[in-house]
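Please open the structure in your viewer and keep the selection panel at hand.

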Amino acid sequence: MKIIHFNEQMPPQTRPAMATIGFFDGVHTGHRFLIDELARQAHAEKMDAMVVTFDRHPREVLHSDYQPRLLSSLDEKLELMTHTEADTCAVLAFTPEMAARSAFDFMRTVLRDKLCVKRLFIGYDNRFGHNRSEGFADYLAYGRRLHIDVKESTAFTLGDIRVSSSAIRSLLNEGDVITSNRCLGYAYTLSGTVVGGFREGRKIGFPTANLHPFDARKLIPHDGVYAVEATVEGFDRAMPAMMNIGRRPTYGSFDRSLEVHILDFHADIYDRKMSVAFVQRLRDEQTFADPAALAAQLTRDEAATRALLT
């Protein structure tokens, strides 16, 4: 897949394109349904299948106090895009100047004049342009003036769930990683660096690697204990692990931390990159009477994790 980092000075694309536009957070099953249908039609008509997206969440620019909780960083999003049928991904810097453009101006100067878009697929719930004040009927009218054929896509559902990035965020905020993974089409993952911690876990037989996420904007699932698969820099396979997200209440009250105990693993991995893929939530975070009671529960958590992952 070709990636274009859009700028006003770039030469216009010359190959006619069918395109869809959106933030595509998480590149979930609904996004891939849209992109793959776009690609099917584009390739049948000898056109480029193009995804137009943004480098940051628009609300970060429009509302300075907005703190996004993202399903994917930009790098993760672009990597996920390579697994779709899209030929090209155009990444636009979402700036105050970009936000001020009307939908008509955006369609004219960016989609038509620079990206050579001939057909535009609009997501069923997508809006773009200044203040997102215009809707599909407006885009259809602008398309007629600009000779861009505008189509509206249908919603994608899994069972009774209408798949969307917002729905997946809600599921993760509830700790339902099984359903969120079904909607994503892959296991939700957090990546970061292993940093030093309090080292209380090793005293009770459960040493942990403390994960500091690369991107502070990534959504962290609801507090609790999870079965996960950990991938560590320098090791060539994913390893079964259990992860606690929370404030370590048995030892007092602390800032939220992400602690990963990798089963049957004893290497020093401080300062290495690590990714954890969520498989299943095991239980709520709990306060125990003493470290021995905590260790007894962790033994049960380990048995549950082994049953799931080994």
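In this tour, contact means that heavy atoms lie within 4.5 Å. The model is predicted.

First, select residues 2-162 and colour them as domain 1, then select residues 187-309 and colour them as domain 2. The centres of these two domains, taken over C-alpha atoms, are 37 Å apart.

Next, display the boundary between the two colours. Here 9 residues of domain 1 are in contact with 7 residues of domain 2. Between them, domain 1 and domain 2 bury an area of about 680 Å², and carbon and sulfur atoms contribute 50% of this area. Now select R69, L70 and L71: they supply 56% of the area that domain 1 buries against domain 2, more than any other three residues.

Remain at this interface and show the side chains. How many salt bridges does the rule find across the interface of domain 1 and domain 2? It finds 2. On the side of domain 1 that touches domain 2, the residues comprise 3 nonpolar, 2 polar and 4 charged. Select K218 and E76 as well; these residues form a salt bridge, with the closest N and O atoms 3.1 Å apart.

Finally, turn to the aromatic rings, of which the structure holds 8 pairs. Select F104 and Y142: their ring centres are 5.5 Å apart and their planes stand at 75 degrees, so the pair is edge-to-face. F104 belongs to helix α5 (residues 103-112) and Y142 to helix α6 (residues 136-146), so the pair ties together parts that are 38 residues apart in sequence.

Note on methods
Residues numbered from 1 in each chain as written. Predicted model: local features only at pLDDT ≥ 70, side-chain atom pairs only at ≥ 80, totals over all residues. Heavy atoms only, no water. Domains from an automatic or database assignment. Buried area = accessible area lost by both parts, 1.4 Å probe. Salt bridge = Lys/Arg side-chain N within 4 Å of Asp/Glu carboxyl O. Nonpolar A, V, L, I, M, F, W, Y, C, P; charged D, E, K, R; others polar. Phe/Tyr/Trp six-rings, centres within 6.5 Å; stacked < 30°, edge-to-face > 60°. Helix = DSSP H or I, 4+ residues; strand = E, 2+ residues; numbered from the N terminus.
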